[in-house]
Amino acid sequence: MSQVFTIPLKDNITGEALDDIRSFLESKKGIISVDYQKLGKRIIVEAKDEDYFQYAFQELPKDGLDIDSATERFPVSGMTCAACVNSVSTVLEDTPGVINAEVNLADNTASVRWVTGMTGPADMKDRLHVA
């Protein structure tokens, strides 16, 4: 069963950048369709499942594409070892819309960059509590 994901875009994105995003996503395994909604300034992506989308999405920013994102540092309690850091990193990075996450054991924080409108602090917190 396929899933649909929405990627919000910045207001100043160019037609060339949109073509690049569409071509990039369409070339990825598991991506079924890519559509651009001009009025909503967003890209709608249909993927075979969340894992296929997340894999393609993780590579998007590395290609210098213009996506509306936010970054914030959050406290993370209960971490006591490197395995905890790896677990927290994995949960955060597997969250659809998270671009990257850096977890620091020394100060018990996670610095997370995500696509605004796809996820946010509450969603990430919920996923960490379930894990």
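Predicted model: local features only at pLDDT ≥ 70, side-chain atom pairs only at ≥ 80, totals over all residues.
Trainee: OK, and what does the C-alpha trace span along its principal axes?
Mentor: About 45 × 35 × 25 Å.

Trainee: How many helices and strands are there?
Mentor: Four helices and six strands. Starting at the N terminus, you'd read them off as β-α-β-β-α-β-α-β-β-α.

Trainee: What share of the residues count as buried?
Mentor: Of the 131 residues, 40% do.

Trainee: And what share of the contacts with a separation of 6 or more comes from residues 24 or more positions apart?
Mentor: That share is 63%.

Trainee: Let's go inside. How many residues does the largest nonpolar core have?
Mentor: It has 22 residues, and the ones with the most contacts inside it are I7, L9, L25, I43, F53, F57 and L60. Strand 1 (3–8), helix 1 (15–26), strand 2 (31–37), strand 3 (42–47) and helix 2 each give two or more residues to this core.

Trainee: Which element gives the most to this core?
Mentor: Helix 1, with five residues. There's also a second, separate core of 13 residues, and V76, V85, V88 and A110 are among them.

Trainee: You mentioned V85 and V88. Which residues of helix 3 are buried?
Mentor: V85, V88, S89, V91 and L92. They cover an arc of only 165° around the axis, so they sit on the same side of helix 3.

Trainee: Why do residues three or four places apart point the same way?
Mentor: Because an α-helix has 3.6 residues a turn.

Trainee: Nice. What covers the buried residues of helix 3?
Mentor: The cover includes strand 5 (98–104), strand 6 (109–115) and helix 4 (121–130).

Trainee: How far apart are the end C-alpha atoms of helix 3?
Mentor: They're 16 Å apart. Helix 3 has twelve residues (82–93), and at 1.5 Å a residue they should span 16 Å, so the two values agree.

Trainee: New topic: Q54. Where is it, and is it buried or exposed?
Mentor: Q54 is in helix 2 (residues 50–59). Its relative accessibility is 6%, so Q54 counts as buried; the cut-off for buried is under 20%.

Trainee: What does the side chain of Q54 reach?
Mentor: It gets to the backbone oxygen of V98, at 3.4 Å. Leaving out residues up to four places away in sequence, Q54 touches E93, D94, T95, P96, G97 and V98.

Trainee: How about the loops? Where is G40 found?
Mentor: G40 is in the loop between strand 2 and strand 3. With a relative accessible area of 40%, G40 is partly exposed. G40 and P8 are 32 residues apart in sequence, and their C-alpha atoms are 8.0 Å apart in space.

Trainee: Last one: what is phi of N108 near?
Mentor: Near 50°, a positive value in a residue other than glycine. Most residues other than glycine have a negative phi. N108 lies in the loop between strand 5 and strand 6, and at 29% relative accessibility N108 counts as partly exposed.

Notes:
Residues numbered from 1 in each chain as written. Heavy atoms only, no water. Buried < 20%, exposed > 50% of the residue type's maximum accessible area, 1.4 Å probe, protein only. Polar contact = N/O pair within 3.5 Å; in protein donor to acceptor, adjacent residues only side chain to side chain. Contact = heavy atoms within 4.5 Å. Expected span 1.5 Å × (residues − 1). Arc of directions from axis to C-beta. Core = buried A, V, L, I, M, F, W, Y, C linked by side-chain atoms within 4.5 Å.
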